[in-house]
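Hello,

Here is the structure I said I would pass on. Please open it first, then read my notes below.

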Amino acid sequence: MTEPVEPVSEHPQLSLGTAAARNLATTTKSAPQMQGITSRWLLRVLPWVQVKGGTYRVNRRLSYAVGDGRVTFTNVGADVRVIPGELCELPFLRSYDDAGVLEALAGAFEQQEFAAGDVIAEADTPADRIVLIARGKVEKLASGKYGEDAGLEVLADGDHLASSAAILASGDTWGFTARAVTAVTALTLAQSEFERLVDQHDSLRAHIEAYKVLPRMPQDKAGQAEIALATGHRGEPVLPGTFVDYELAPREYELSVAQTVLRIHTRVADLYNEPMNQTEQQLKLTIQALRERQEHELINNREFGLLHNCALEQRIRARKGPPTPDDLDDLLTRRRGSQYLLAHPRTIAAFGRECTRAGIYPDHVPLFDTMAPSWRGVPVLPCSKIPISRNQTSSVIVMRVGEDNEGVIGLHQTGIPDEYEPSLSVRFMGINEQAVINYLVTAYYSAAVLVPDALGVLEDVQVGVLES
């Protein structure tokens with residue numbers, strides 16, 4: 001079989017072809033481009049505070065609020081068990097350290113399953129048990145003025161229904177109704193069983209008795225030591241004396257670091273610098289990657305990241321699944337002066353679908369050099385560093401920023417040796433035996449939450465719900 005022969009043009013070539021002409025032409029080139037660069041809104045909206053000593057101490061008023069955290073569970077198949085040490089998150093077991101007794105307490109819990117709509121605890125009925133929520137969502141309801149149900153909050157994995165007064169005293173009643181929103185797996189411990197274990201173990205009995213007689217210092221609604229004031233008086237009454245007490249061991253934030261060694265061969269740096277400087281271009285892309293990692297750490301780092309440093313009382317759960325206008329309203333009303341909402345772009349899209357379903361069209365507000373979507377006047381900013389879990393749930397962050405505003409602040413140190421950008425240095429490390437130049441590129445940063453209500457998180461919002 002013969003190869004096909006290309007047809008020969010009937011007309012001879014009259015001018016120089018483009019392929020040959022390109023050998024004499026100067027090519028116009030772009031600077032090196034990079035995928036993965038995001039808007040990095042968090043780095044833009046955080047006020048950055050100079051930390052000269054490398055450590056920032058957050059001094060606060062003394063607070064007496066303790067021990068109302070979340071417990072953790074383990075499971076073997078469908079059998080769920082509370083981790084014994086996690087029972088110390090219950091207020092009346094705070095700092096109790098007898099591992100054997102905690103093991104006995106954990107073993108006394110019984111597993112119960114509730115279907116969506118089942119009542120787990122009913123208002124004005126005896127509060128005679130501790131309820132730990134292992135899986136699912138539970139809504140707390142109160143009776144409204146006209147007999148309707150008024151929502152208080154939504155509880156989920158790790159939360160508990162356990163009042164210190166209720167479990168330590170007989171005859172108390174639930175002050176709310178707890179109803180399962182989804183299928184719920186719960187662990188319950190009857191008050192009678194708890195009292196039996198207290199009678200059996202001297203150390204537990206001593207701990208509970210000490211807890212009962214703890215002095216209840218005057219506190220404000222935030223759990224801080226109260227400042228005594230007198231108002232509305234006449235004449236010359238004796239005015240109360242007072243002072244403002246401080247925390248004895250305030251939180252300290254150390255600057256974190258992101259580093260890399262940039263390597264450039266001397267031959268490249270010497271010979272291939274026209275029309276663009278190779279070192280500058282390599283450095284520009286490296287700094288972009290460092291800044292992306294910096295924002296990721298500010299969101300996700302377990303020491304100072306916003307998702308991990310939000311106070312438990314400032315975390316709420318989505319009512320149904322996708323983020324709804326009601327959920328964002330709940331998030332905003334828990335703090336004063338909310339300034340920014342941060343969410344993954346897919347979460348923002350899910351919120352937009354819920355707004356469309358409700359016939360609501362959010363406004364846009366000016367922010368820097370653009371118009372940003374907003375809710376109640378608070379800009380909703382995309383942040384792809386907020387993770388989406390394998391079950392397609394994510395979080396929404398709300399924050400107030402600034403030192404003067406008692407908000408969230410970024411921490412850095414300017415004026416460091418070989419500084420290239422604020423708090424970022426490029427330090428020459430020498431040339432090795434392979435004629436490769438080494439530069440140490442370093443960024444220093446952290447973040448601090450000055451008061452707990454400066455930061456809030458809406459957790460477990462579903463972003464991948466399909467329309468039925």
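This is a predicted model: local features need pLDDT of at least 70, side-chain atom pairs count only at pLDDT 80 or more; totals for chains, interfaces and linings use all residues.

**The cavity**

The largest cavity holds about 40 Å³ of space. Searching the whole structure turns up one cavity of 30 Å³ or more.

Which residues line the largest cavity? They are Pro323, Leu328, Ala343, Thr347, Ile348, Phe351, Val380 and Val396. Seven of the lining residues are nonpolar and one is polar. None is charged. Helix α11 (residues 345-357) gives the largest share of this lining, with three residues.

**The second largest pocket**

The volume of the second largest pocket is about 200 Å³. Its lining is made up of Arg319, Lys320, Pro322, Thr324, Pro325, Asp326, Glu354, Ala358 and Ile360. By class, that lining has four nonpolar residues, four charged residues and one polar residue.

**The sheet**

Next, an open sheet. Four strands form it, in the order β5-β12-β7-β10. The pairing is antiparallel. Strands of a sheet pair through backbone hydrogen bonds, either parallel or antiparallel.

Which strands stand at the edges? They are β5 (110-114) and β10 (160-161). Each has a single partner strand, so one side of each is left without a neighbour in the sheet.

Look also at β7 (residues 129-135) and β12 (residues 184-190). These two strands run antiparallel and are joined by six bridges. Leu132 stands opposite Leu187 of β12.

**The helices**

Helix α5 lies across β7 and β12. Its direction is at about 50° to β12.

Helix α5 (residues 191-200) also meets helix α6 (residues 202-212). Two packed helices are described by the angle between their axes and the distance between the axes. For α5 and α6, the axes come within 5 Å and cross at roughly 110°. That makes α5 roughly perpendicular to α6, because angles of 65 to 115 degrees count as such.

Which residues make the contact? From α5 they are Phe194, Leu197, Val198, Asp199 and Gln200. From α6 they are Asp202, Leu204, Arg205 and Ile208. Across the contact of α5 with α6, five residues are nonpolar, three are charged and one is polar.

Best wishes

Methods: Residues are numbered from 1 along each chain as its sequence is written. Side-chain values use heavy atoms; hydrogens and water are left out. On a 1 Å grid over the protein atoms alone, a cavity is a set of points where a 1.4 Å probe fits but cannot get out, and a pocket is an open set with protein on both sides within 12 Å along at least five of seven lines; lining residues have an atom within 4 Å of a point. Grid points are joined across faces, edges and corners, and a volume is the space filled by probe spheres set on the points. Ala, Val, Leu, Ile, Met, Phe, Trp, Tyr, Cys and Pro count as nonpolar, Asp, Glu, Lys and Arg as charged, and the others, Gly among them, as polar. Axes are lines fitted to C-alpha atoms, for helices over the stretch in contact, and angles run from 0 to 180 degrees between N-to-C directions. Angles under 35 degrees count as roughly parallel, over 145 as roughly antiparallel, 65 to 115 as roughly perpendicular and the rest as oblique. Contact means heavy atoms within 4.5 Å. Two strands pair if DSSP finds at least two bridges between them.
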